[in-house]
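Morning, everyone. I have one structure to go through today, and I will take it chain by chain.

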Amino acid sequence: MAKSDCPHCGLSNPIDAQFCVHCGTILARAQLPSAHAGETTDEAGAGAADQEEAPPPANAEETGNHPDARASDPTYARTWPHSSGEEEDGGEVSGEGEPQIAASQTDPLLTDLGGLLEPADPMAFASSGPRESDPSRSPSQSLTSGLNVSEEERRQLRQLYAEDLPTAVGANPDMGPTTAEPAVGGSGLQRQPWLEWILLLGLTGALLWGSQTPTGGNGPHTLPGLEQAHQHIDSLTPNSPILVYWAYDAATAGEMDLVAQPVIEHLLHKRTTLIVVSQLPGGPAVARRVIAKAEESVRRPARAQVTANQIIEGGFIPGGAASLPLLGVAPSRTLPVDPGWVELRERFSLAGLTETGPVLTLVIAARAEDVRRWLEQVQPINDGTVIAVTSAVADPALRPYLHSGQLVGLVSGWDGGSAYFRRLERTRSIAEQVRTSRLTNGQNWGIGILLFVILLGNVAGLTERRLT
Amino acid sequence: MSPFSSGLPAAMQDAGLVLGLFISLTIASYLIRDNFLARLGQYILVGAGLGYIAVLAWRNVLWPRLFAPVISDPMSWLTAPEATLLKSWLPLILGLLMWAGGVELLRRRPKEPGGSQLLRLLAVVPAAVLVGVGLGVGASGAVQGTLWPQLAAALQTPLAAVATAGDARPAAEEATWLVRFITLLITGGVLIHLQLGRASGASGRPPAQRRPSGLKDSETAAQKHDIPYRTLTVKILHVWGGIGRRALWLAAGIVFARLAAARFSLALARLDYFLFEVPRSELWQILWAAVRGAGS
Amino acid sequence: MLVISARFGLAITPLAAATTLYGWAMLLGAFALLLGIANALWYHLVRVQRGKGEWLLSLLLLVVFALVFGAGVSSPEGSIGPLTEWVFDAVLAPGQATLYALTGFFLLSAAYLYLRINRPGGLWILAGALLMLLVQTPFFFQFMPDALVDLVDWLLSWPVMAAMRGVLIGGALAVLFISIRLIVKSVK
């Protein structure tokens, strides 16, 4: 295979490489044959105009005019939802005169309010199809948009992205074996469909036959922090006002319901008054459903009275971190002032939240960020006691807060939920038991497959290394 | 379907089940490959999501908190006390300005001539309020909620009143001096690595491919100027940063394991929906009985 | 500056001023939300008008939006009305859950490619991941010696906690300096 040496680090690269795969230096300007100049399109030219404000050398035109120039353009922002393949084609450009870049200019607010319009898009990391061969769709590149950096910094950024961040499938379709070696050149996250199918079949089998097979031992391990959470809730007196900050929605309900429900059941069993607020649009709806399930579960074995007064729905509070301190300073200010909502205001007042503040705050969040936000914006104001109920992935990031005493307890992940339920010493219904057994078996199989895949990946990596 | 929509006719319940299954299947078809159906599902989801958020923002926030009280007494601004003006009228005016400016921006791009410059200028006021409050709470929250308590806990200073909430006993108090030292060492190491260290890949590559790190630059400079104490300091920082980097790697491994548990839970919950929840529904039972009847 | 001085208890700012600002932020947040939705709808409207690629899907998005918004606004109960709850149960909950469930499958590809011992820091990452995976999974946990379980608890409670604390402090410092820089810049 033909190779060329990098002028910066001196190492070999494939002849058609745009950047040095070792250090990220632009090779294109030295290597691009003049033939590329004939392949110009208006669109590419427009992309090139935005690219590389700082260092255009004498032959920058050739670099910019290369059809792939847009691919290396860090300022080429990606909008969501994805536009179609034709939209990006040169053919469409001539017809409409509005390439993709123009489309993004049509909507100045689209990027400004991007947080609203760009949900966490798992597809972005692993989309397939011919369109996605454009590395400009890589999420990593959107990070660089708007940055005004020097050539050296750009080079470093390119190298960093080339190595560490996942890119779309087929982002480097022409990469030779040298560059495709992950440890050296970084091939980005390329989906391995066969692995996904193995996992799909494994999990399906585990669910189908999970209720008949033993799940193993006495359930999952109890991580530090759970015991303290249980003890603290167990010591609550009836009618204590508990503020519940509901920071997850339907997207993560599959995991979070498993951990939130036992804790809510415990609170209902202790006959505390729950005041539920959320900053996610889907939060209140999910909260209603989980609390209804928990009420049903609490009523069933003990025939306990769970009155409607125990749950007060504060609702949706927009404004993000900027409005969150309101819950610490004046919780009643978050309520509507319309006469139609008087009843809610009265119940809020009855709960004693306006005078004394909550006895305990339960932050139920899928992300560590939401717990941190509460601890930064509300806890310093009301000095409240906080227990976090979170997704498994948020657990390590919240350990420092548990250690410093800002959190008095931490329950995380499906394993945390399962362990918490064991602490409640209550019996589940048959249907619940069967479902729990299925899900535990699914976890066993999923992690088993993951371990196998890690082993396989290492063997493949070591073999590739030996061969090269 | 949840009991919250049970007030609707049975046909709607069935339709909801079918629609939910359809959208789930179309989106899940992305596993096979990116296809039209997957996009269809995503567009329906986004459309419904935008509609739902709009309803929530209007019916639960703006109408009962702002518009309803103002509309019920439109002339209240003449007689209302200062507090009411501050709570209702002023945010209403700011919000309307934001909308007007936003619509103006939608109609014409920022660089396009024409349009009402006044509207655009006035729309900056509510945006500035929002950004200003955000920056203010961000900075003060970072200090009060993270920086101060975490530094206090890292240094194991007796700042219980600040660092702990309620009657909680921080775990820091239970640690032996060795563990405390290790903790401090690692926290310091991570900070040094984040501030001075290079990207994590340095030690895993052959020496020829390494680029000089920030620390190594300083080291070379120190050696050049032949200042022994500075060289020593840089070396210590280098070793300390290395400890921090390794602790970060270890933490990354643990985070990955927890991530796997979290994501597998989501996948399992969805598969459980396809395999057990849908077949348990009445509609499915009827359809299944009909299919079996036709088969026999 | 008002917010910061109120938060730090400086006498120059009455607490009520900061509270009013928080209330404004909540209301302005709702205004901004609706404006953002209007922008997204405008984007799709333009696509439909120009007949650009996938305009049919954009049209569908607009129709679905109109139906959901109409149902929610016309219902006397608003967002807790049966129709809105039906939309949540039938479209939003299953759609969002499925979309996020896909990430579980993509995770496997990442593990295959990146959790390798010959990558930078691979040994440490792999060690942390394997230990945690074994302890948190019931099937493997039953075979784990107590010492190993205690080790994982210790790692989680001390070294990993310390590392994450470093990240938190670093992040908080960054937020602080960026905020101050932006505030000072805007004041200038």
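**Chain A, then C, then B**

In chain A, A:Val276 has A:Glu313, in strand 5, as its bridge partner. Before I go further, please keep in mind that this is a predicted model.

Staying with those strands: strand 4 of chain A, residues 273–278, runs parallel to strand 5 of chain A, and five bridges join them.

What is the strand order of the open sheet in chain A? It is 5-4-3-6-7-8, six strands with parallel pairing. At the edges are strand 5, residues 311–316, and strand 8, residues 409–412, and each of these pairs on one side only. From one strand to the next, the twist averages 15 degrees.

Now chain C. Here C:Trp55, C:Leu56, C:Leu59, C:Val63 and C:Leu67 make a nonpolar surface patch of about 470 Å². Take C:Leu56 from that group: it sits in helix 3 of chain C, residues 55–74. Is C:Leu56 buried or exposed? Its relative accessibility is 51%, and the cut-off for exposed is over 50%, so C:Leu56 counts as exposed.

Last, chain B. B:Ser140 lies in helix 5 of that chain, which covers residues 117–155. B:Ser140 counts as buried because its relative accessibility is 1%, and buried means under 20%. What does the side chain of B:Ser140 reach at 3.5 Å? That would be the backbone oxygen of B:Val137.

That is what I have for today.

Conventions:
Residues are numbered from 1 along each chain as its sequence is written. Chains are lettered from A and ligands numbered from 1 in the order in which they are written. This is a predicted model: local features need pLDDT of at least 70, side-chain atom pairs count only at pLDDT 80 or more; totals for chains, interfaces and linings use all residues. Side-chain values use heavy atoms; hydrogens and water are left out. Helices (H or I, at least four residues) and strands (E, at least two) are DSSP runs, numbered from the N terminus. Buried means under 20% relative accessible area, exposed over 50%, partly exposed in between (1.4 Å probe, protein chains only). A polar contact is a pair of N or O atoms within 3.5 Å; within protein, one must be able to donate a hydrogen and the other to accept it, and residues adjacent in sequence count only if both atoms are side-chain atoms. Patches are made of residues with over 30% relative accessible area and no salt bridge: like charges are joined within 9 Å, nonpolar side chains (Val, Leu, Ile, Met, Phe, Trp, Tyr) within 5 Å. Accessible areas come from the Shrake-Rupley method with a 1.4 Å probe; for residues, only the protein chains shown count as cover. A salt bridge is a side-chain nitrogen of Lys or Arg within 4 Å of a carboxyl oxygen of Asp or Glu. Two strands pair if DSSP finds at least two bridges between them. Axes are lines fitted to C-alpha atoms, for helices over the stretch in contact, and angles run from 0 to 180 degrees between N-to-C directions.
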